[in-house]
Amino acid sequence: MGIFSKIKDAIFGKEAKAQEAPPANTPAGVPPQQDRSVPMVNVENSLDSMPGADRLNWRTSIVDLMKLINVDSSYENRKALAQELGREDYSGTAEDNIWLHRRTMQELSANGGRVPPEFLD
């Protein structure tokens, strides 16, 4: 399981995994129909409701975001996350971490999360 999957599971919960699995009777190459009765996960509300959210700056810090959801925020894990999200030259600078936070939020949005627009620009 990759770092992004751990982040997504921590925010979306275990039900997200069950929703991802296509039905067994879906023919190959045909995308499964999205269940419109399942609401999108409100990422901001989910994170704000976690214990410690009031003490961590998860809205702008990838390190604090990872700490909040109990994912190891070490340089090695952040570098692995950056590589998962398409950046091979991650060095851990402030600019890299800003990019990584923004890219993580974009990926959460692309995977069914409702993310505030200021996290997506």
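Axes are lines fitted to C-alpha atoms, for helices over the stretch in contact, and angles between N-to-C directions run from 0 to 180 degrees. This report applies that definition to a predicted model, in which local features need pLDDT of at least 70, side-chain atom pairs count only at pLDDT 80 or more, and totals for chains, interfaces and linings use all residues. Residues are numbered from 1 along each chain as its sequence is written, and side-chain values use heavy atoms, with hydrogens and water left out.

**Overall architecture**

The protein chain contains six helices and two strands, where helices (H or I, at least four residues) and strands (E, at least two) are DSSP runs numbered from the N terminus. Their order from the N terminus is α-α-β-α-α-α-α-β. Of the 121 residues, 36% are buried (under 20% relative accessible area; exposed is over 50% and partly exposed lies in between, with a 1.4 Å probe and protein chains only).

**Packing of α1 and α5**

Helix α1 (residues 3–12) packs against helix α5 (residues 75–84) at an angle of about 95°, and the two axes lie 8 Å apart. The helices are therefore roughly perpendicular, a term for angles of 65 to 115 degrees. In this contact (heavy atoms within 4.5 Å), I3, F4 and I7 of α1 meet N77, A80, L81 and E84 of α5. The contact residues comprise five nonpolar, one polar and one charged; Ala, Val, Leu, Ile, Met, Phe, Trp, Tyr, Cys and Pro count as nonpolar, Asp, Glu, Lys and Arg as charged, and the others, Gly among them, as polar.

Helix α6 covers residues 94–110. The buried residues of α6 include D96, N97, L100, H101, M105 and L108. Their cover includes α1, α3 (43–48), α4 (62–68), α5 and β2 (113–114). T104, also in α6, touches F4, I7, I62, L65, L81 and L85, not counting residues up to four places away in sequence. After α6 comes G112, with a positive phi near 105°.

Two residues are set out below by accessibility.

| Residue | Relative accessibility | Class |
|---|---|---|
| T104 | 0% | buried |
| Q83 | 34% | partly exposed |

Q83 belongs to helix α5, and its C-alpha atom is separated by 9.8 Å from that of L100, 17 residues apart along the chain.

Note on methods. Parallel < 35°, antiparallel > 145°, perpendicular 65-115°, else oblique.
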